[in-house]
Amino acid sequence: MSRDNLNRALKQVRRNKGAPGIDGMTVDELPDYLRHHWPAIRQQLFRQTYRPKPVRRVTIPKANGGSRPLGIPTVLDRFIQQAIAQVIQQDWEPRFHPHSYGFRPGRSAHQAVRYGQRCARDGRSWVVDLDLEAFF
């Protein structure tokens, strides 16, 4: 992983903020932690011996009055995930269908709705909406 990629990952994790994981480390504490521990973490990653920490489970309220579980990884694990995602994304993003909007950089639900409206105006009469999580 390049230094540039790691710096971008750190900036993104800090920008996203978020609650600490089970270890209690905050995003503000991460840079100093990495300065002291990155060589050992990097070695574990390359040796494939790194093991993410368990995810902190919380429940958040839903608009309908219910709640849903949410998993909060440690900030270190979020940093590593972000760095890996950035590398993978460079290769895979161009391969996705141009009208796929879910969880894609620079894409939003609003854009998907606008595209659907444009298709309806053009006379198209059906839409495919797939939620894999609900499917399983």
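## Thr 74

Thr 74 sits in the loop that links strand E2 (67-72) to helix H3 (75-92); helices (H or I, at least four residues) and strands (E, at least two) are DSSP runs numbered from the N terminus. The model is predicted: local features need pLDDT of at least 70, side-chain atom pairs count only at pLDDT 80 or more, and totals for chains, interfaces and linings use all residues. Residues are numbered from 1 along each chain as its sequence is written, and side-chain values use heavy atoms, without hydrogens and water.

With a relative accessible area of 1%, Thr 74 is buried (under 20% relative accessible area; exposed is over 50%, partly exposed in between; 1.4 Å probe, protein chains only). Leaving aside residues up to four places away in sequence, Thr 74 touches Gly 21, Ile 22, Asp 23 and Lys 53, a contact being heavy atoms within 4.5 Å.

## Fold and dimensions

The chain has five helices and two strands, in the sequence order α-α-β-β-α-α-α. Of contacts between residues at least 6 apart in sequence, 52% join residues at least 24 apart.

Along the principal axes, the C-alpha atoms fill a box of roughly 60 × 40 × 25 Å.

## Burial and charge

Of the 136 residues, 22% count as buried. The chain carries 23 positive and 12 negative side chains; Lys and Arg count as positive, Asp and Glu as negative, with His and the chain ends not counted. The centres of the two sets lie 2 Å apart, with charges placed at NZ of Lys, CZ of Arg, CG of Asp or CD of Glu.
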